[in-house]
4 protein chains.
Amino acid sequence: MTKGIKIVTIGGGSSYTPELIEGFIKRYDELPVRELWLVDVEEGKEKLEIVGNLAKRMVKKSGLPINVHLTLDRREALKDADFVTTQFRVGLLDARAKDERIPLKYGVLGQETNGPGGLFKGLRTIPVILDICRDIEELCPEAWLINFTNPAGMVTEAVLRYSNIKKIVGLCNVPIGMEMGIAKLLDVDHSRIRIDFAGLNHMVYGLDVYVDGVSVKDQVIDLLSDPTNSSFVKNVAGLGWEPEFTKALNALTCPYHMYYYKTREMVEKELINYEKGETRAEVVKQLEKELFELYKDPNLDIKPPQLEQRGGAYYSDAAVRLITSIYTDKGDIQPVNTINNGAIASIPADSAVEVSCIITKDGPKPISVGDLPVPVRGLVQTIKSFERVAAEAAVTGDYDKAILALTINPLVASDKLAKQIVDEMLEAHKDYLPQFFKTVQA
Amino acid sequence: MTKGIKIVTIGGGSSYTPELIEGFIKRYDELPVRELWLVDVEEGKEKLEIVGNLAKRMVKKSGLPINVHLTLDRREALKDADFVTTQFRVGLLDARAKDERIPLKYGVLGQETNGPGGLFKGLRTIPVILDICRDIEELCPEAWLINFTNPAGMVTEAVLRYSNIKKIVGLCNVPIGMEMGIAKLLDVDHSRIRIDFAGLNHMVYGLDVYVDGVSVKDQVIDLLSDPTNSSFVKNVAGLGWEPEFTKALNALTCPYHMYYYKTREMVEKELINYEKGETRAEVVKQLEKELFELYKDPNLDIKPPQLEQRGGAYYSDAAVRLITSIYTDKGDIQPVNTINNGAIASIPADSAVEVSCIITKDGPKPISVGDLPVPVRGLVQTIKSFERVAAEAAVTGDYDKAILALTINPLVASDKLAKQIVDEMLEAHKDYLPQFFKTVQA
Amino acid sequence: MTKGIKIVTIGGGSSYTPELIEGFIKRYDELPVRELWLVDVEEGKEKLEIVGNLAKRMVKKSGLPINVHLTLDRREALKDADFVTTQFRVGLLDARAKDERIPLKYGVLGQETNGPGGLFKGLRTIPVILDICRDIEELCPEAWLINFTNPAGMVTEAVLRYSNIKKIVGLCNVPIGMEMGIAKLLDVDHSRIRIDFAGLNHMVYGLDVYVDGVSVKDQVIDLLSDPTNSSFVKNVAGLGWEPEFTKALNALTCPYHMYYYKTREMVEKELINYEKGETRAEVVKQLEKELFELYKDPNLDIKPPQLEQRGGAYYSDAAVRLITSIYTDKGDIQPVNTINNGAIASIPADSAVEVSCIITKDGPKPISVGDLPVPVRGLVQTIKSFERVAAEAAVTGDYDKAILALTINPLVASDKLAKQIVDEMLEAHKDYLPQFFKTVQA
Amino acid sequence: MTKGIKIVTIGGGSSYTPELIEGFIKRYDELPVRELWLVDVEEGKEKLEIVGNLAKRMVKKSGLPINVHLTLDRREALKDADFVTTQFRVGLLDARAKDERIPLKYGVLGQETNGPGGLFKGLRTIPVILDICRDIEELCPEAWLINFTNPAGMVTEAVLRYSNIKKIVGLCNVPIGMEMGIAKLLDVDHSRIRIDFAGLNHMVYGLDVYVDGVSVKDQVIDLLSDPTNSSFVKNVAGLGWEPEFTKALNALTCPYHMYYYKTREMVEKELINYEKGETRAEVVKQLEKELFELYKDPNLDIKPPQLEQRGGAYYSDAAVRLITSIYTDKGDIQPVNTINNGAIASIPADSAVEVSCIITKDGPKPISVGDLPVPVRGLVQTIKSFERVAAEAAVTGDYDKAILALTINPLVASDKLAKQIVDEMLEAHKDYLPQFFKTVQA
């Protein structure tokens with residue numbers, strides 16, 4: 001690495017890229033990036049140029065010797081990379097809109113990670129990721145693959161199980177968001193908070209929470225279950241938990257738990273958005289449009305503050321933090337998606353989990369959890385079953401397995417609904433699912 | 001046991017008792033019962049006398065030296081018993097009707113084992129079973145407790161975890177019914193069929209199926225997933241599985257899986273019954289009434305054939321078969337609920353599972369399963385989480401835990417609904433749930 | 001199998017074969033063997049003919065329609081076989097003599113299964129077994145491989161790990177011998193005894209023991225630890241256990257435990273035999289010579305009673321019993337070497353263990369043990385480590401791994417001794433260990 | 001803790017104490033100790049005063065506001081302690097001499113941790129530690145117990161299993177010594193080395209080794225197995241490993257592995273020392289005598305350099321480093337003895353292991369290992385079996401269990417030798433083993 005660090009970002013035309021650039025600039029002292037390659041596909045070319053030029057202006061302003069390259073040639077970019085980050089979206093936001101809207105037609109939540117939407121996002125994404133893995137194996141076998149593409153848990157599982165790449169970390173902004181939320185609840189600085197995370201991506205629990213290393217879990221559970229408290233936390237959907245549930249669960253939930261512990265309420269809420277044409281994809285699409293208008297401004301040379309409203313806050317910061325800790329062998333604790341290796345007893349040792357890890361140059365090392373608390377063990381196992389069947393369907397293009405994946409998903413829980421949804425979604429996403437439409441050779 | 005075998009049946013006034021008697025008479029050569037004590041509580045006294053007298057007539061007809069005793073004094077009965085069977089129903093069928101009807105008001109299935117109905121049946125039953133366990137410990141510590149009282153899995157879990165009784169077997173007629181169904185499908189005699197069972201009570205799967213020891217699983221899966229087949233099996237609800245689901249699952253389901261893999265369809269179906277006042281409890285209540293009318297006939301000295309329509313077919317036969325195998329150290333294979341002891345890898349070694357076992361005088365010994373197939377691991381773990389939280393709520397009377405149990409149950413999946421249902425059901429079953437209504441002492 | 005059962009015995013020229021024939025004749029009603037192929041290699045041709053002709057005379061006397069074939073062509077024999085039994089000895093008894101004598105020169109027990117002798121027997125045997133497995137895969141993929149060749153545990157491990165054959169059972173006469181011994185100690189018929197076996201081949205423990213299904217373990221432990229008892233059991237070496245050890249261990253040992261729990265005494269004893277030229281191989285060689293003289297007698301048409309002194313009693317009977325139970329799907333309990341599948345918690349699920357199993361047409365199904373008792377867990381794990389490193393050395397021909405295998409073996413426990421013994425034994429067995437003497441190609 | 005930190009050192013009269021004092025002085029900025037209580041028993045009073053006065057002079061010289069208290073009243077000292085360190089030796093070095101010499105009479109290594117010496121040190125120490133635990137529970141329930149008393153693994157196991165104290169960490173200087181050794185071998189600063197440790201106390205392996213986070217394991221294994229290398233590492237006994245063993249093991253050994261992988265050579269070596277009256281205890285006794293002469297010098301106010309020859313180097317430094325990391329919630333990686341919690345798959349989750357942990361204010365959190373490499377799994381399990389049987393013998397005073405513990409110990413491996421050694425050692429240590437000499441009451 002004497003030549004300096006080479007980073008390749010696949011899906012470089014994403015609206016998130018300015019945050020990533022800001023992160024690299026901010027941490028340059030620790031993480032001296034020399035080359036940053038932003039890669040995208042033909043249909044993302046225009047966005048790549050807009051955001052890539054902003055990236056170049058930001059770097060120029062910083063005065064740092066970082067070379068930003070824009071390319072549609074993934075293989076050229078990957079050569080000798082040190083880190084590869086993936087943040088692409090097969091089918092763009094239009095596909096996400098279908099992921100969300102089609103299930104809702106059947107009264108089922110789309111949920112772009114662990115629901116039907118997540119299944120189809122996985123079916124579209126996993127073959128591409130495995131293709132990237134083959135390129136990495138050939139062109140930069142020592143590189144770390146840092147995946148933020150959702151469904152991050154299913155993708156990490158698929159890479160561990162169906163590729164030769166072992167140096168993969170799946171990254172999510174949910175845990176960092178939970179820490180921020182607790183910091184705010186307790187009115188202490190984020191840096192003083194640590195949570196013991198365990199579970200799966202978008203299905204992660206906080207098993208304990210500390211301020212300056214001292215457990216404040218009892219206090220936090222009390223605060224979270226006190227409806228009279230003015231800081232009574234509303235989650236992503238603006239719905240609070242029943243106090244009894246919070247107390248008896250005795251663990252911190254993540255925002256995505258709303259889909260599984262408030263299924264009916266969430267369906268009702270989403271159906272309203274559906275009617276209004278305001279599902280998340282549609283909202284984000286509008287936001288993105290506005291962002292790219294901003295990015296075009298040749299005088300803009302900072303990350304525009306409007307980006308923070310995009311959602312996915314902390315994502316890029318988390319990514320740069322992770323890369324820095326790997327590069328510097330920092331040994332700090334970060335929650336990431338990695339191979340379980342016995343950290344959670346009831347999940348297979350070779351499966352992906354999202355768990356607090358020590359981050360070293362040799363990658364993340366999970367801290368042993370023992371087993372998950374009894375009440376949460378079931379749902380975590382269920383989502384792991386779903387992720388594995390879904391990953392298998394993605395790799396094989398097996399129609400029956402896709403239906404099975406949805407049937408065992410708690411948001412669907414019906415073989416008949418599963419089949420209807422799979423049929424309609426397969427058709428809708430046909431162009432991105434060649435593995436399901438192989439022509440039989442004579 | 002030189003004195004001959006003493007069997008005590010708690011809930012002896014049940015309409016099932018004639019089947020049990022028939023079983024004891026039929027297997028007398030192998031299982032020489034000398035004393036059969038039918039025990040019931042004050043409110044079941046009338047039924048005990050009706051069915052007890054029929055039992056006496058049946059024994060008399062057989063000419064066997066079995067002494068049938070009827071009593072309301074459980075402790076007198078238990079003294080030096082060899083086997084204790086439990087088939088009682090706290091709150092009788094009226095309670096079951098509430099278990100089924102109240103959840104349906106909220107659009108949720110009652111499901112008397114692994115749903116809200118099962119939770120409340122467990123809350124009523126577990127304290128009584130633990131009380132019986134204390135009596136057994138004192139009065140007949142060498143006895144085997146054969147429990148058929150539902151929810152049999154939760155009850156077995158509770159006994160293993162909260163009593164000193166280790167000699168408990170939970171028994172269910174579902175596996176035997178699955179074997180019968182497969183025998184019919186293949187048109188072979190039941191005795192030639194063997195299924196490798198694994199899972200939990202009412203959540204059990206057939207992982208392989210054999211005719212004369214040769215696996216016919218592929219053939220069975222094909223038959224079960226062929227909708228054009230005239231023998232295409234309808235399950236309890238008259239609804240068939242989607243062929244793709246059956247093929248991809250590649251395991252035999254039990255009838256109760258309809259609740260979890262066809263949740264919406266089952267809710268719709270049950271809501272119709274609810275409107276008509278024809279939930280299962282209501283249907284059974286009518287059947288029981290007719291049965292007891294028959295039982296009263298002083299000329300009746302056989303099990304009336306109408307009993308078979310009662311549902312719960314094979315239950316008593318399974319029970320007598322199990323008792324016989326324990327008594328004679330037969331070493332045959334039977335599916336029962338017992339301590340896991342490592343048979344299923346992802347379930348704790350000290351939890352109850354329903355699994356194929358060798359039946360010896362030393363009790364059932366589970367055959368190692370390894371781990372459950374990936375697609376079913378999640379739902380089984382979920383129901384185990386539910387059973388454990390429910391059992392803890394039953395023992396402690398902890399209101400929050402009761403809400404947690406329902407929230408994590410896939411039929412409810414909402415903390416808000418859980419709370420509403422718990423509140424209404426606690427009130428409805430108040431008389432049988434003293435642990436939730438302890439008065440605080442001054 | 002309409003054509004009748006075809007059995008192939010590899011190493012058919014073994015002195016044990018008459019016992020096998022006797023077994024097939026005795027159980028013909030249950031196990032109608034039509035073809036029995038005795039296979040041997042060129043250097044065993046003479047013995048094959050002698051024992052093969054005796055076999056033919058025995059069959060003739062029985063009047064049964066069993067066809068006995070003698071051949072040196074293994075592949076011809078294997079075609080469409082139903083069962084393949086392996087009882088060959090690479091290098092014959094001369095090799096065993098070296099296995100025993102060379103280690104003793106260094107003051108170390110040879111021990112032909114789990115010691116240095118076992119390592120070298122494994123190194124010679126495993127490549128041949130894997131070769132047979134490849135033939136089976138091609139010529140009779142549905143056949144069951146019943147291996148009695150020692151070291152049976154290491155061989156079973158190697159087949160499970162390094163071949164595609166899954167239908168293998170390793171068989172040993174030690175457990176049946178323990179049952180016989182206990183039957184004698186208690187003066188009850190063997191058929192009334194059952195032992196819960198768990199461990200590894202020649203490292204198996206009896207965790208409980210029953211008469212007619214009732215545990216008599218306490219009584220047996222008392223008897224075994226009472227030195228004043230006239231039936232105080234001497235084991236293979238004529239040495240009794242210290243009573244305190246027996247009581248505290250609270251499990252039945254097998255004769256081979258003497259090597260590990262009386263190491264020094266056994267070394268001293270064997271060194272005396274070594275000096276006298278009376279190691280086991282030498283004794284057996286003489287016995288075999290005498291047996292083959294008997295076998296040559298053209299009037300002999302029964303198994304000569306002298307065979308029982310050969311050692312290995314019950315071996316062939318155990319084999320025929322096992323084959324019969326598989327063929328008839330009997331479902332009885334037999335201790336065999338098979339894949340663990342979770343039966344013993346601290347041993348990997350995919351490793352071979354020796355454990356009580358239900359024997360079905362689908363093969364042996366281990367009964368769950370949970371975990372081994374604390375005091376024995378270590379030694380069992382140690383021998384499993386040894387077996388696995390040894391099997392790897394056998395497959396790869398890796399010299400360093402052979403030294404590692406012996407260093408971690410408790411009978412050696414020295415890297416220096418390990419190297420010396422490996423060096424001398426590699427040279428002595430050179431002709432049978434081609435994998436260690438590969439010429440490097442230019 | 002606003003009052004400042006209170007530390008209690010039991011066995012304060014140890015010759016190691018000056019190193020501890022030096023550590024507290026050196027790290028005062030991070031770890032502001034206000035009160036240090038040195039506790040000893042009546043027979044150690046003189047040494048306590050000598051070393052205690054040196055401690056006071058050292059503190060005085062430092063100018064820090066640390067109050068050093070000397071006392072024989074353990075309970076007074078423990079009141080409200082924050083950290084309790086234990087470094088006592090029941091029976092002093094005379095007992096250790098017996099631990100070493102008596103087994104050698106029988107040709108068996110004494111080995112003061114995992115051999116017969118360790119058994120008897122455990123039998124003497126565990127009841128005292130459990131007594132201290134009861135005091136801690138009452139007098140300072142929030143305190144961390146930092147145990148350096150050997151056998152540290154067995155003691156930690158006993159505390160976890162037989163006391164209510166969960167806040168215990170067992171500490172050893174072996175891992176830090178391995179890091180130092182590797183640093184020297186590679187000629188890099190110790191701070192740049194990190195080893196992934198896993199195993200048990202004095203039975204710990206280095207599974208990987210890093211310089212600045214980059215694995216250098218292959219290089220280290222090559223260096224360690226190259227006998228021509230001038231830095232070819234000799235271990236504690238001055239004996240090198242066979243290169244083939246080192247390569248095939250592919251893990252770093254600790255010095256104590258000599259006893260198990262070079263047993264015969266070590267016995268021979270120790271027997272020479274035995275003859276010369278130069279066993280380790282005897283050597284240390286002489287060293288201690290000289291040290292205490294130095295300590296008496298009223299002008300001495302630093303740790304005398306001669307202490308470093310005492311052995312046990314880095315012990316106190318490791319202790320102060322650990323206490324500091326707990327106190328400051330540092331989150332650095334240190335190898336300690338703690339509850340396994342799933343970090344090593346084949347060891348029970350509730351047993352003590354020695355493994356790399358993150359050190360937080362909430363204690364050490366083990367990093368998941370998955371499972372140990374196949375070749376080392378056996379020996380680690382064996383020593384765990386030994387530790388558990390030994391701990392049970394210590395708590396119950398069960399003579400049979402003491403014999404069992406030694407029989408299953410690989411250094412003894414004979415029930416007869418075990419009994420002889422136990423008998424002679426019980427008698428020799430009679431005064432310190434009241435649990436084995438309980439008078440039966442009339």
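User: In this predicted model, which residue forms a salt bridge with D:Lys365?
Analyst: The model is predicted, and side-chain atom pairs are counted only at pLDDT 80 or more. A salt bridge requires a side-chain nitrogen of Lys or Arg within 4 Å of a carboxyl oxygen of Asp or Glu. For D:Lys365 the closest N and O atoms of such a pair are 3.5 Å apart, and the partner is A:Asp196.

User: How many salt bridges does the rule find across the interface of chain A and chain D?
Analyst: The pair formed by D:Lys365 and A:Asp196 is a salt bridge between these chains. Polar contacts are counted separately, and 16 residue pairs at pLDDT 80 or more are joined in that way between chain A and chain D. For salt bridges across this interface, the rule gives four.

User: Which elements of chain A give two or more residues to the side that touches chain D?
Analyst: On the side of chain A that touches chain D, the residues divide into eight nonpolar, eight polar and seven charged. The elements that supply two or more of the residues there are β7 (193-200), β11 (352-360) and β12 (363-366) of chain A.

User: What area do chain A and chain D bury between them?
Analyst: The contact joins 23 residues of chain A to 23 residues of chain D. Carbon and sulfur atoms account for 48% of the buried area. The area that chain A and chain D bury between them is about 1,600 Å².

User: By what turn can chain A be laid on chain D, and which C-alpha of chain A is nearest the axis?
Analyst: The superposition has an RMSD of 0.1 Å, with a turn of 180 degrees and a shift of 0.0 Å along the axis. The two copies are thus related as by a two-fold rotation axis. In chain A, the C-alpha nearest that axis lies 2.2 Å from it and belongs to A:Ile367. As for the surfaces, 100% of the interface residues of chain A are also interface residues in chain D, so the copies meet through the same surface. In reply to the two parts, the turn is 180 degrees and the residue is A:Ile367.

User: Is D:Ser368 buried or exposed, and which side chain does its own side chain join in a polar contact?
Analyst: D:Ser368 lies in the loop between β12 (363-366) and α14 of chain D. Its relative accessible area is 8%, and because buried means under 20%, D:Ser368 is buried. Leaving aside residues up to four places away in sequence, D:Ser368 touches residues that include A:Asn340, A:Pro366, A:Ile367 and D:Ala343. The polar contact of its side chain, at 3.2 Å, is with A:Ser368.

User: What area do chain A and chain B bury between them?
Analyst: This contact takes 42 residues from chain A and 42 residues from chain B. A:Glu244, A:Arg264 and A:Asp415 lose the most area on the side of chain A, together 17% of what that side buries. Of the total for both chains, 57% is on carbon and sulfur atoms, and that total is about 3,500 Å².

User: Which element gives the largest share of the side of chain A that touches chain B?
Analyst: Between these chains the count is eight salt bridges, among them one between B:Lys247 and A:Asp400, with the closest N and O atoms 3.9 Å apart. Elements giving two or more residues to this side of chain A include α9 (243-249), α11 (263-276), α14 (374-396) and α16 (415-428). By class, the side has 19 nonpolar, 10 polar and 13 charged residues. The largest share, 10 residues, comes from α14(A).

User: Which residue of chain A has the C-alpha nearest the axis that relates chain A and chain B?
Analyst: A rotation of 180 degrees with 0.0 Å of shift along its axis superposes chain A on chain B, at an RMSD of 0.0 Å. In chain A, the C-alpha nearest this axis is 2.5 Å from it, and the residue is A:Ser346.

User: How far apart are the closest C-alpha atoms of chain A and chain C?
Analyst: Contact means heavy atoms within 4.5 Å, and no contact joins chain A and chain C. Chain B and chain D likewise do not touch, with their nearest C-alpha atoms 12 Å apart. For chain A and chain C, the closest C-alpha atoms lie apart by 12 Å.

Terms used. Residues are numbered from 1 along each chain as its sequence is written. Chains are lettered from A and ligands numbered from 1 in the order in which they are written. This is a predicted model: local features need pLDDT of at least 70, side-chain atom pairs count only at pLDDT 80 or more; totals for chains, interfaces and linings use all residues. Side-chain values use heavy atoms; hydrogens and water are left out. Copies are superposed by least squares on the C-alpha atoms of residues with pLDDT of at least 70 in both. Buried area is the accessible area (1.4 Å probe) that two parts lose on being put together, summed over both. A polar contact is a pair of N or O atoms within 3.5 Å; within protein, one must be able to donate a hydrogen and the other to accept it, and residues adjacent in sequence count only if both atoms are side-chain atoms. Helices (H or I, at least four residues) and strands (E, at least two) are DSSP runs, numbered from the N terminus. Ala, Val, Leu, Ile, Met, Phe, Trp, Tyr, Cys and Pro count as nonpolar, Asp, Glu, Lys and Arg as charged, and the others, Gly among them, as polar. Buried means under 20% relative accessible area, exposed over 50%, partly exposed in between (1.4 Å probe, protein chains only).
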